[in-house]
Protein chains: 4
Amino acid sequence: MVTLVQPDTGDATADTIDRLRAIGREFHARSWSLGTSSNYSAVVSRDPLELVITASGKDKSALGPDDFVRVDAAGRVGDGSGRKSSAETLLHCLIAELVPALGGGPVGAVLHTHSVWSTILSAADLPRGHVRIEGYEMLKGLDGIGTHDTREDVPIFANSQDMVELSGRIRSLFSTLDWSGPRPPVHGFLLSGHGLYTWGASLADARRQVEIHEFLFEVVARGRLLAAAAAP
Amino acid sequence: MVTLVQPDTGDATADTIDRLRAIGREFHARSWSLGTSSNYSAVVSRDPLELVITASGKDKSALGPDDFVRVDAAGRVGDGSGRKSSAETLLHCLIAELVPALGGGPVGAVLHTHSVWSTILSAADLPRGHVRIEGYEMLKGLDGIGTHDTREDVPIFANSQDMVELSGRIRSLFSTLDWSGPRPPVHGFLLSGHGLYTWGASLADARRQVEIHEFLFEVVARGRLLAAAAAP
Amino acid sequence: MVTLVQPDTGDATADTIDRLRAIGREFHARSWSLGTSSNYSAVVSRDPLELVITASGKDKSALGPDDFVRVDAAGRVGDGSGRKSSAETLLHCLIAELVPALGGGPVGAVLHTHSVWSTILSAADLPRGHVRIEGYEMLKGLDGIGTHDTREDVPIFANSQDMVELSGRIRSLFSTLDWSGPRPPVHGFLLSGHGLYTWGASLADARRQVEIHEFLFEVVARGRLLAAAAAP
Amino acid sequence: MVTLVQPDTGDATADTIDRLRAIGREFHARSWSLGTSSNYSAVVSRDPLELVITASGKDKSALGPDDFVRVDAAGRVGDGSGRKSSAETLLHCLIAELVPALGGGPVGAVLHTHSVWSTILSAADLPRGHVRIEGYEMLKGLDGIGTHDTREDVPIFANSQDMVELSGRIRSLFSTLDWSGPRPPVHGFLLSGHGLYTWGASLADARRQVEIHEFLFEVVARGRLLAAAAAP
């Protein structure tokens with residue numbers, strides 16, 4: 001795994017933006033980023049922390065090179081462009097800072113998607129606080145998991161429009177988890193009725209973790225339907 | 001948001017038609033406009049009101065430049081082409097005229113689609129008169145909605161082949177709604193067993209509102225299935 | 001509607017074959033013609049009746065110009081190529097001959113597809129002998145139907161590998177139907193656990209009738225699931 | 001059917017690899033090989049047995065020419081590249097050797113996929129040891145099946161990370177089956193909560209058998225849902 005933290009030349013940032021634009025086209029086509037939903041970021045500097053992130057309210061199927069802003073660790077737009085960053089910028093900053101600080105490995109990119117399955121599962125399972133995924137081979141697609149014989153409880157946070165309040169809840173939960181082992185305690189989280197946040201050391205890793213989570217959400221949801229149908 | 005009301009040169013109309021043709025190819029590929037179903041219009045003059053609209057009975061996957069007609073506020077074809085406008089032209093004219101007149105903001109384009117989910121939800125929920133969508137983040141993709149913590153009741157009208165009668169029912173309901181706030185009371189409506197009408201200030205806005213409604217219909221329908229399966 | 005019956009030059013046949021190949025690529029991509037399933041034909045001569053039809057056992061995603069044979073009204077390959085026609089050739093010949101003879105309008109093309117929804121609906125509803133489709137606007141996409149306020153019972157025949165026996169059952173049922181009106185009594189039929197046969201005056205018409213039937217089968221099946229989920 | 005066993009020139013192997021890469025792109029697009037899941041192999045020498053197989057941990061949507069290794073009958077990488085073969089290499093070797101040895105015809109390619117439907121069906125039906133597929137016309141897409149009026153029980157093995165142990169169980173079951181007739185007793189098998197293994201004399205045959213199995217898994221699963229919904 002290679003992180004996206006590169007010598008911060010303009011070219012490297014432009015390349016990162018091109019790859020985020022490709023993510024937008026792909027995720028829109030896969031129905032994970034419809035309308036102006038979703039936001040994507042990549043870490044372009046680690047010290048001090050800086051991210052490029054999708055600007056607010058953009059159609060993800062047609063992101064242009066100017067549909068991104070550069071923000072600092074507090075989510076402040078520092079590129080003088082006057083563009084507004086995505087409303088959920090604070091969550092990207094939180095993940096990019098908190099996960100490595102807790103020992104969860106480098107974070108080079110954060111992806112947030114809104115699929116049908118993540119929307120309905122996160123709404124249905126909010127009362128129990130997580131979506132439980134257990135026993136599936138595809139779990140091995142998540143970082144540090146080497147067997148199907150395991151369980152991943154994807155945390156669900158009640159949705160909120162108050163990013164400070166929501167960040168606080170995420171920080172509180174994440175701080176109680178054990179990030180010391182080779183396998184992160186969680187690989188993403190859900191906002192109820194909203195969608196998935198996941199991340200990776202590189203943009204390719206984050207994209208893979210989206211793909212794996214989405215597959216598993218569909219498996220869990222369809223598996224419940226099948227179990228109900230097959231029950232005598 | 002920019003409306004489609006442009007200086008009405010032939011070029012502007014040709015460009016509008018090109019974009020409506022692209023909508024047809026896209027919506028056919030997404031299974032929202034199969035066979036000769038669906039119709040699309042754009043306002044090309046506001047005073048007097050004139051729209052370009054798909055001609056009757058055309059395959060939406062392969063609309064040609066001549067598969068459109070220009071109609072006035074009463075739905076009359078005024079371009080001397082002899083082509084017949086879509087059977088549902090009156091509904092497009094009604095929306096283009098009524099929604100702004102009631103204070104619902106400019107309407108630059110009206111899109112009508114026939115998806116599987118809108119067909120079955122509108123049939124199932126006709127007795128209660130609407131499809132209720134509540135608590136989902138994706139609602140923020142509809143004009144003027146800024147929080148997930150809200151409810152959208154998409155009205156359902158019993159289907160009819162009599163457009164005058166049907167227009168009357170829509171006009172009656174719409175006239176009782178409060179269009180004075182920044183958020184329109186509805187963003188579209190359903191015909192039972194038939195499909196969705198929605199609109200926007202521009203064609204891009206109307207396309208986004210189709211995408212958001214369709215996503216939410218799928219979420220509502222699949223959410224019911226999951227809820228039924230998970231019930232003990 | 002224009003039939004495919006053209007002056008039977010080699011060029012016209014080559015063009016027909018090109019269009020059947022495009023149908024194969026499209027239908028495979030839409031999951032209606034997987035593996036070597038499905039077969040497609042077009043009438044290239046009416047008097048005497050001759051069809052071009054897919055050869056037996058070909059991958060429908062990659063039909064070549066030589067993957068077709070020319071057959072007479074009895075399904076005999078008459079082009080000296082030594083190629084074998086599709087096993088279900090007799091059903092194509094039957095439709096091309098019987099439907100017009102009964103007054104059901106010209107038949108220029110016959111398409112047979114194997115979708116998931118047609119497979120499971122035709123198996124589930126075989127005991128009642130038809131799939132009932134009622135009240136949906138999309139029914140207007142079938143030839144001669146002008147209102148949603150109607151019912152289409154798509155006949156289901158028990159599947160068989162004996163095409164002579166099966167043709168006899170289809171002929172028997174079709175001969176009892178009233179084909180005298182502007183609306184055909186049926187627009188296609190199902191073989192149980194197998195798939196759909198439909199037709200049209202032109203290949204474009206037959207393709208549209210496939211698309212409409214498939215949409216409606218999905219609507220009927222998903223509508224049942226939704227109704228069961230929503231029941232108190 | 002033509003096997004892939006060709007004079008083992010570098011060109012032939014390069015061509016085989018190109019076709020395996022195309023399989024990866026296609027299967028990723030069809031959601032059968034997400035993330036780094038799945039693995040594909042082709043026999044490039046029969047005596048001694050040698051396969052080219054996907055290297056471990058590669059993204060199947062973007063396989064490069066160097067993302068393959070050459071292994072012998074025991075799964076040992078013999079090309080001096082230092083690359084690691086897929087974790088499940090032993091299963092590919094087992095199939096390539098055992099199935100022909102038992103009389104099950106030549107095996108030129110082995111494909112392993114992870115779809116949603118195979119994942120949930122193999123988990124749901126593990127207690128009975130197989131997924132039963134019965135009465136569907138599409139069964140004729142499997143090698144040696146000439147009628148819908150038949151039954152295919154696709155064996156399910158409990159998933160394991162121990163390939164030696166798992167190979168032993170597969171070998172035990174396969175050795176008890178009757179491979180002497182024109183129709184193989186099974187055409188593939190499932191690992192529970194994991195996915196499908198199937199094979200063919202050529203890569204095209206193996207691809208077709210994936211397509212047919214996947215279609216039938218979807219039919220079986222959706223058919224159960226429909227049956228439950230339609231039950232009174």
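Predicted model: local features only at pLDDT ≥ 70, side-chain atom pairs only at ≥ 80, totals over all residues.
How much area do chain A and chain D bury between them?

1. **Chain A against chain D.** Chain A and chain D bury about 1900 Å² between them, and 67% of that area is on carbon and sulfur atoms. On the side of chain A, the residues that lose the most area to chain D are A:Glu137, A:Phe215 and A:Leu226, which together make up 30% of what that side buries. If you want to select the contact in your viewer, expect 21 residues from chain A and 27 residues from chain D.

2. **What holds hands across A and D.** There is one salt bridge between chain A and chain D. Its partners are D:Asp59 and A:Arg207, with their closest N and O atoms 3.2 Å apart. There are also ten residue pairs in polar contact between chain A and chain D, with both residues at pLDDT 80 or more. The side of chain A that touches chain D is made of eight nonpolar, five polar and eight charged residues.

3. **A closer look at that salt bridge.** A search over all chains finds 73 salt bridges in the whole structure. The pair described above joins two chains, because D:Asp59 sits in the loop between strand 2 and strand 3 (68-72) of chain D, while A:Arg207 belongs to helix 5 of chain A. Are the two partners buried or exposed? D:Asp59 is partly exposed, at 27% relative accessibility, and A:Arg207 is buried, at 15%.

4. **Chain A against chain B.** Now turn to another side of chain A. Here 27 residues of chain A are in contact with 21 residues of chain B. The two chains bury about 1900 Å² between them, with 68% of it on carbon and sulfur atoms. One salt bridge is found across the interface of chain A and chain B, and it pairs A:Asp59 with B:Arg207 at 3.2 Å from N to O. Ten residue pairs are in polar contact between chain A and chain B, again with both at pLDDT 80 or more.

5. **Which parts of chain A face chain B?** Helix 3 (116-124) and helix 5 (203-230) of chain A are the elements that give two or more residues to this side. Helix 3 of chain A gives the most, with seven residues. Sorted by class, the side of chain A that touches chain B has ten nonpolar, 13 polar and four charged residues.

6. **Chains that do not touch.** Not every pair of chains meets. Chain A and chain C do not touch, and their nearest C-alpha atoms are 10 Å apart. Chain B and chain D do not touch either, with their nearest C-alpha atoms 10 Å apart.

7. **Salt bridges inside a chain.** In chain B, the side chains of B:Arg208 and B:Asp143 form a salt bridge at 3.0 Å, N to O. B:Arg208 is in helix 5 of chain B and B:Asp143 is in the loop between strand 5 (130-134) and strand 6 (151-157), so this pair ties together parts that are 65 residues apart in sequence. Both B:Arg208 and B:Asp143 are buried. In chain D, D:Asp153 and D:Arg132 meet in a salt bridge at 2.9 Å, N to O. D:Asp153 lies in strand 6 and D:Arg132 in strand 5 of chain D, so the pair links parts that are 21 residues apart in sequence. D:Asp153 is partly exposed at 23% relative accessibility, and D:Arg132 is partly exposed at 35%.

8. A cis peptide bond joins A:Asp47 and A:Pro48, with omega about 5°, and A:Pro48 is in the loop between strand 1 (39-46) and strand 2 (49-54) of chain A. In chain D, a cis peptide bond joins D:Asp47 and D:Pro48, with omega about 10°. A:Ser38 is not a glycine, yet its phi is positive, at about 80°. A:Ser38 is buried, with a relative accessible area of 3%. D:Ser31 also has a positive phi, near 65°, but D:Ser31 is partly exposed, at 35% relative accessible area.

9. **One helix to check yourself.** What should helix 5 (residues 203-230) of chain C span? At 1.5 Å a residue, its 28 residues should span 40 Å, and its end C-alpha atoms are 40 Å apart, which agrees. Helix 5 of chain C is largely enclosed by the rest of the structure, because 23 of its 28 residues are buried.

Notes:
Residues numbered from 1 in each chain as written. Chains lettered and ligands numbered in written order. Heavy atoms only, no water. Contact = heavy atoms within 4.5 Å. Buried area = accessible area lost by both parts, 1.4 Å probe. Salt bridge = Lys/Arg side-chain N within 4 Å of Asp/Glu carboxyl O. Polar contact = N/O pair within 3.5 Å; in protein donor to acceptor, adjacent residues only side chain to side chain. Nonpolar A, V, L, I, M, F, W, Y, C, P; charged D, E, K, R; others polar. Helix = DSSP H or I, 4+ residues; strand = E, 2+ residues; numbered from the N terminus. Expected span 1.5 Å × (residues − 1). Buried < 20%, exposed > 50% of the residue type's maximum accessible area, 1.4 Å probe, protein only.
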